[in-house]
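Here is a walk through the helix packing and the domain contact of one protein. Keep the structure open and follow along.

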Amino acid sequence: MKLLHQRLLTDYGIDFADLDLLRTAFTHTSYANEHRLLKISHNERLEFLGDAVLQLIISKYLYQKYPHFPEGEMSKLRSSFVREESLAGFARSCGFDQHLLLGKGEEKSGGRNRDTILGDAFEAFLGALLLDKGEETVEQFLHQVMIPQLEIGNYERVTDYKTSLQETLQVNGDIDIAYLVIDEVGPAHDKTFTVQVMANQKVIGQGKGRSKKLAEQAAARNALEAEG
């Protein structure tokens, strides 16, 4: 982690105090599982924290940047900004892929370049940065790395099929839309999820993905295509 610590200091002016916390942010579950005797922590809890602070800061940015945008439009933009593919791109631009700690199997299967893992690591880093330096430093980092790219449209412009499906179905009134994981296969670090989407308890679409979020998007897309 010394190289990463130096890079953060040189490129972003961040002098991380807790290097163990920084290491945890880049430790994938596959690596922790292979070193159980060492009782190494993985980054999932930090990912949870980072996701929350990212949503907050991007929401604040959109609220201030687009004073005339309605809530729905801001939500769509935020969804595009914080998508897995977008976050993975920002992780690569920071060189985070070079510092991931992966299990041998995950490394061999190309995990170092997998969007799911990189996006999660980016969020975990934000969580660690929040604990180490506070929200203001996280916001400064995002204004250095992420927000300038958002302002020029350099992010994954992927359709939010879940939002589109909700808008399509609720034109004629409220409809209860739910997503259900019906299957998951593969090892913990490389699962494929199958999700069904239901409208008023009736299955209207199904999809698969490397994460629950991607599977839900695939199911929503399938439902929209069926709607015609």
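The model is predicted. Start with two helices, H11 and H12. On the H11 side, the contact is built from Tyr-161, Lys-162, Ser-164, Leu-165, Thr-168 and Leu-169. On the H12 side, these residues meet Glu-216, Gln-217, Ala-220, Arg-221, Ala-223, Leu-224 and Glu-227. By class, the contact of H11 with H12 holds six nonpolar, three polar and four charged residues.

Now take the geometry of this pair. H11 covers residues 161–169, and H12 covers residues 212–227. Their axes come within 8 Å and cross at roughly 40 degrees. An angle of 65 to 115 degrees would count as roughly perpendicular, and one under 35 as roughly parallel. H11 and H12 are therefore oblique to each other. Their crossing is left-handed.

Next, move to helix H4, residues 44–65.

Only angles over 145 degrees count as roughly antiparallel. H4 and H5 are therefore oblique to each other. The crossing of H4 and H5 is right-handed. H4 brings Gln-55, Ile-58, Ser-59, Tyr-61, Leu-62 and Tyr-63 to the contact. H5 answers with Met-74, Leu-77, Arg-78 and Phe-81. Seven residues of this contact are nonpolar, two are polar and one is charged.

Angles of 65 to 115 degrees count as roughly perpendicular.

Finally, step back to the domains. The domain assignment gives domain 1 (1–152) and domain 2 (176–227). How far apart do the C-alpha centres of domain 1 and domain 2 lie? They lie 25 Å apart. Across the boundary, 10 residues of domain 1 are in contact with seven residues of domain 2. The two domains bury about 640 Å² between them. Of that area, 42% is on carbon and sulfur atoms. Which three residues supply more than any other three of the area that domain 1 buries against domain 2? They are Arg-83, Glu-84 and Arg-114, with 44% of that area.

How values were computed
Residues numbered from 1 in each chain as written. Predicted model: local features only at pLDDT ≥ 70, side-chain atom pairs only at ≥ 80, totals over all residues. Heavy atoms only, no water. Axes fitted to C-alpha atoms, helices over the stretch in contact; angles between N-to-C directions. Helix = DSSP H or I, 4+ residues; strand = E, 2+ residues; numbered from the N terminus. Left-handed = near helix turned anticlockwise from the far one by under 90°. Contact = heavy atoms within 4.5 Å. Nonpolar A, V, L, I, M, F, W, Y, C, P; charged D, E, K, R; others polar. Domains from an automatic or database assignment. Buried area = accessible area lost by both parts, 1.4 Å probe.
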